[in-house]
Amino acid sequence: MSSSTIAQTDSSLRPAKRRIGDTVFGGLSTLSGVSILVILAAVAIFLLAQALPALTTAPDVLAEQGYGEFWGWVLPFAFGTVWAAFLALLIAVPVSIGIALFISHYAPRRLAQSLGYLIDLLAAVPSVVYGLWGIFQLAPALQPAHLWLSKYLGWFPLFSGNPSGTGRTIFTTAFVLAVMILPIITSLCREVFLQTPRLHEEAALALGSTRWEMIRMAVFPFARAGIVSAIMLGLGRALGETMAVAMVLSGAGVIHFKVLTQQNPNSIAANIALNFPEAFGLRVNQLIASGLVLFIITLAVNILARWIVSRRAQYSGAN
Amino acid sequence: MSVTTNSSSKALNPLKAGQLPRWAPWAGLGLALIVGLVFGGMKVAASTLIAAAVFVVGMHVLSLYVEGRRRANDRLAQHIVYGMFMLALVPLVWVSWIAVKNGLARLDAPFFTYSMRNIVGEGGGAAHAIYGTLYVTGIATAISVPIGLLTAIYLAEYGGNSKLAKGITFFVDVMTGIPSIVAGLFAYALMALLFGPGTVNGIGGAIALSVLMIPVVVRSVEELLRIVPNELREAAYALGVPKWKTILSIVIPTAISGIVSGVILAIARVIGETAPLMVAAGFTQSLNNNPTQGQMMTLPVFVYDSYAHPGIPRQPYWDRAWAGALTLILIVMLLNLIGRVIAARFAPKAGR
């Protein structure tokens, strides 16, 4: 009771005056923080506004002035997007985990960081350059592999059908995409592997386990959630990758799982890039609507990945 | 007693009994290479693949026989991990080698001084595209850096554990995952609604790049602000310095090198983007110095355009595409290098 009266009377204990600079600066930074949310909402709203004409127009008008009925038109591309990204993951994930392990647990300590930079350099190459490399170098180089696979493994459904003569197939595209998502998966896995509690590793080694057993017993269980989210983020990148697919893949609006044939399911992003410059009228709206579909797919994948990460942060003992 | 056991262990170290000698993997590697060369013919890829398979399987079997299952598995894992790393170097070396080899042909003075206006066939250059890239990336940086910097300050200094801060962090992460083409479509839709349908210009391209760049800036700057030691802030508060002044004259100067390098790395991340610029900034063959009016060529789009829509003969166009690709790689790698050097050289010492 008496202390509160002192606080009220003693001027030196009064709370400091709110300074105008603080109000302005704090307000400014809060405002730009909120602007992030506004921008993201704007992306969704503007895309929706431009996509609506394609979604609401009658199918027969779309067939005349656009690319045809919307959902039937976009479905093969959505399939191609997911299929190409899945194949790329199939190639990239084991390699990335291997590289991440190499940098975190196998490479000589002094070299490890520079070797990590080397892998990061893969991320520095622009996608259009990967496109040029894919079409001029990788596709011709992989063409004999197409023939070989089709000849000896043609009975397997994936490799059935007539092999492409140019190598511009979803098989080649998956390799290019894998190279492009490799650095992101690697760097995330590397971070997680390095966070493994030192004591867990040393305990495993002290029990007489070999290095590989230590990795399986201490590193992988600790890193499982991190690996999953790294894969999801790589998937998000692969789903949205545009130029490399647009340049390498000779695509069409088909749905099938054969990876070696001339007719390949194109991806949404590549389809937009290839057709947008020449599009007009309703076709523009239709392409933007397909972009919205891609946006929703990647958004779902990313949100899932972030959710896994945040769950892991709560349970891990590292931080 | 013990002396005798020690001397005998020199001849046959019991700790090393039942293990392959240290030279065994090297001998195995040499043997595998010979096998690969014999069976793979003269083809590099086939020989390497065969040699690698022979080496990994052979060493595993040998080790299984001599050292037992556990050590054999350990060796197998080690060889595979090393192999994965070397596998990843293949595209890196291949892409850089081919870009240098094909790009050097046209990496001359006219390439940097001429545009493609009225050029058919040989000659010409990418001056218009290089200027366009500078304009578009410059404007994108001018938009992204203030927003990104202030957002990071909000997250690190003001937000604390509030719901808003958590939401922003989450959506910044989500924003990193926006496909670049969607960012381009957004910029196109925005310009279409503001200035009439079909408005495609440098500003549109810059907006598209900003959407991609802002989250990168926020993430890197926030991380840096968080490693500025709290003691510095508390010392400033104790001297009666207001919070905004503490941030502006204590926190940011401490982290400035990291902020600069973060911004440079963010620029490096977006300068090679092609798809959003194709959609939002467009194509042109001549120099356009006005970002608010008319389509604007950029270097990545120039590379794509030269490759995809060549005239006849095609070779000069493709040569220009490769020269553009090489220029782009050099710019991005240079930016990366500068960013990392600044970050490493002037990094603030973390507390602790």
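Chain B of this predicted model is divided into domain 1 (16-101) and domain 2 (113-345), with bounds that come from an automatic or database domain assignment. The C-alpha centres of these two domains of chain B lie 42 Å apart. Residues are numbered from 1 along each chain as its sequence is written, while chains are lettered from A and ligands numbered from 1 in the order in which they are written. Local features need pLDDT of at least 70, side-chain atom pairs count only at pLDDT 80 or more, totals for chains, interfaces and linings use all residues, and side-chain values use heavy atoms, with hydrogens and water left out.

A nonpolar core is a set of buried Ala, Val, Leu, Ile, Met, Phe, Trp, Tyr and Cys residues joined through side-chain atoms within 4.5 Å, where buried means under 20% relative accessible area, exposed over 50% and partly exposed in between (1.4 Å probe, protein chains only). The largest nonpolar core holds 197 residues, and among the members that touch the most others are Tyr130(A) and Ile181(B). Helix α4 (residues 70-106) of chain A gives the most to this core, with 22 residues; helices are DSSP runs (H or I, at least four residues), numbered from the N terminus. Because domain 1 (16-101) and domain 2 (113-345) of chain B both give residues to this core, it lies between them. A second, separate core of six residues includes Phe55(B) and Met59(B).

His79(B), found in helix α4 (residues 69-103) of chain B, counts as buried at 14% relative accessibility. The table gives contacts (heavy atoms within 4.5 Å).

| Residue | Touches, not counting residues up to four places away in sequence |
|---|---|
| Tyr130(A) | Leu122(A), Val125(A), Val176(A), Val179(A), Met180(A) and Val95(B) |
| His79(B) | Phe55(B), Val56(B) and Met59(B) |

Technical notes:
Helices (H or I, at least four residues) and strands (E, at least two) are DSSP runs, numbered from the N terminus.
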